[in-house]
Amino acid sequence: MRKAAAVLLVFLLVFSSLSGCGIKKKISNKLSEKLMENVLEQALGGGDADIDFDGGKISIKGKEGKSLVIGADKWPDINFIPEFKKGKIVSSLYDDKTAVIIIEEVKQKDFEDYLKKIKNDFPEDGNNFDSEGYIFYEGKNSRGDIISVNYEVSGESLMISAAKNGG
């Protein structure tokens, strides 16, 4: 126990002394990235995933070729829902069958135009709710793709959730 504490203390001292020229930050980022990779690999079943950190985005590719992207600030590479081209994408999570996209700075008129398109493209089992500054719609298309859009008027924020063929 004392030996482990001594090793840890030496590591911390060396680590803290490397504060010049951004070396400490680079090492810290690499250590954080490696730790996150190990945690994600274990959570995914023992290390068969390829995990890539790129800025605020995490891409995970499984051994069967399936991939998951978390935190991207661009429209996801999906083709089963129409792209919303206004506002500022702050986050997205997507794979080949599902997507969640959060967009801010969305003007109500732009949302209403998008909602018309969504209602037209996803008319089956349509469920619409509009109350006290919140607008929600959920629907399905003939292929079985499902979409829900949630818009908060005062915050000008939009969340789009979708599942290809019902997820």
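What follows is a run of questions and answers on this predicted model.

Q: What are the ground rules for the numbering and the model?
A: Residues are numbered from 1 along each chain as its sequence is written, and side-chain values use heavy atoms, with hydrogens and water left out. The model is predicted, so to speak of local features takes pLDDT of at least 70 and side-chain atom pairs count only at pLDDT 80 or more, while totals for chains, interfaces and linings use all residues.

Q: What makes up the chain, in helices and strands?
A: There are three helices and nine strands. Helices are DSSP runs of H or I with at least four residues, strands are runs of E with at least two, and both are numbered from the N terminus. In order from the N terminus, the elements go α-α-β-β-β-β-β-α-β-β-β-β.

Q: Where is confidence lowest in the chain, and where is it highest?
A: pLDDT is the predictor's confidence in each residue, from 0 to 100. Helix H1 (residues 2-17) has the lowest, a mean of 42, and H3 has the highest, 96. Over the chain the mean is 74, with 56% of residues at 70 or more. Residues 1-21 stay under 50, and the model gives them nine contacts beyond four places in sequence; contact means heavy atoms within 4.5 Å. Where pLDDT is low, the predicted coordinates should not be read in detail.

Q: Why is Ser161 called buried?
A: Buried means under 20% relative accessible area, exposed means over 50%, and partly exposed is in between (1.4 Å probe, protein chains only). Ser161 has a relative accessible area of 19%, so Ser161 is buried. Ser161 belongs to strand E9 (residues 157-163).

Q: Why does Lys164 count as partly exposed?
A: Lys164 has 29% relative accessibility, so the label is partly exposed. Lys164 sits in the segment after E9. Beyond four places in sequence, Lys164 has contacts with Asn79, Phe80, Asp96, Lys97 and Asp145. From Lys164 to Asn141 it's 23 residues in sequence and 9.9 Å in space, C-alpha to C-alpha.

Q: How do you know that the span of H3 agrees with its number of residues?
A: The expected span of a helix is 1.5 Å times one less than its number of residues. For the 14 residues of H3 that should be 20 Å, and the end C-alpha atoms are 20 Å apart, so the two agree.

Q: How do you know that the buried residues of H3 line one face?
A: The buried ones are Phe111, Tyr114, Leu115 and Ile118. Seen down the axis of H3, they fall within an arc of 110°, so they line one face of the helix. That arc is the one of the directions from the helix axis to the C-beta atoms. An α-helix has 3.6 residues a turn, so residues three or four places apart point the same way. Lys109, Lys116 and Asn120, on the other side of H3, are exposed. The cover over the buried residues of H3 includes E7, E8 and E9.

Q: What makes a nonpolar core, and which residues touch the most other members of the largest one?
A: A nonpolar core is a set of buried Ala, Val, Leu, Ile, Met, Phe, Trp, Tyr and Cys residues joined through side-chain atoms within 4.5 Å. The largest one here has 24 residues, and Trp75, Ile81, Ile103, Ile147, Val149, Leu158 and Ile160 touch the most other members. E4, E5, H3 (108-121), E7, E8 and E9 each supply at least two residues of this core. H3 gives the largest share, four residues.

Q: How do you know that E7 pairs with E6 and with E8?
A: Two strands pair if DSSP finds at least two bridges between them. E6 (residues 124-131) and E7 have six bridges, antiparallel, and seven bridges join E7 to E8 (residues 146-152), also antiparallel. Ile135 of E7 stands opposite Asp130 and opposite Tyr151 in E8.

Q: Which residues of E7 are on the covered face, and which are on the uncovered one?
A: In E7 (residues 134-140), Ile135, Tyr137 and Gly139 make up the covered face, and Tyr134, Phe136, Glu138 and Lys140 the uncovered one. In a regular strand the side chains alternate between the two faces of the sheet.
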